[in-house]
Amino acid sequence: MVETVERNLPWNGVPDLSKMSPEEFDAELEKGWQAMLAGDTIPAKQAFDELRKKYML
């Protein structure tokens, strides 16, 4: 049996790095780093396969 996990990230558009302070940028990097350390990731191939399927690419 294959379990499907829905992965939806809050999306507020593409971050505008020119409007972020260095502290805000560092905080965003830290969020990603902590997610990676916690194992909250999937293989890149799987992620791109899911995107292709979802958006019929």
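Biologist: What is the relative accessible area of glutamate 28?
Modeller: Glutamate 28 has a relative accessible area of 41%, which makes it partly exposed. Buried means under 20% relative accessible area, exposed over 50%, and partly exposed in between, with a 1.4 Å probe and protein chains only.

Biologist: Where do these values come from?
Modeller: This is a predicted model, where local features need pLDDT of at least 70 and side-chain atom pairs count only at pLDDT 80 or more, while totals for chains, interfaces and linings use all residues. Side-chain values use heavy atoms, without hydrogens and water, and residues are numbered from 1 along each chain as its sequence is written.

Biologist: Which side chain does glutamate 28 meet in a salt bridge?
Modeller: That of lysine 31, at 3.0 Å from N to O. A salt bridge here is a side-chain nitrogen of Lys or Arg within 4 Å of a carboxyl oxygen of Asp or Glu. Lysine 31 is exposed, at 53% relative accessibility.

Biologist: Where do glutamate 28 and lysine 31 lie?
Modeller: Both are in helix H1 (residues 22-37), three residues apart, or about one turn. Helices are DSSP runs (H or I, at least four residues), numbered from the N terminus.

Biologist: Moving on, how many salt bridges are there?
Modeller: Four by this rule. One of them pairs aspartate 49 with lysine 45, with the closest N and O atoms 2.9 Å apart. These two residues are about one helical turn apart because they sit four residues from each other in helix H2 (residues 44-54). Salt bridges with shared partners link Lys45, Asp49 and Arg52 into one network.

Biologist: And what about aspartate 16 and lysine 19?
Modeller: Their side chains form a salt bridge, at 4.0 Å from N to O. Aspartate 16 is partly exposed at 35%, and lysine 19 is exposed at 68%.
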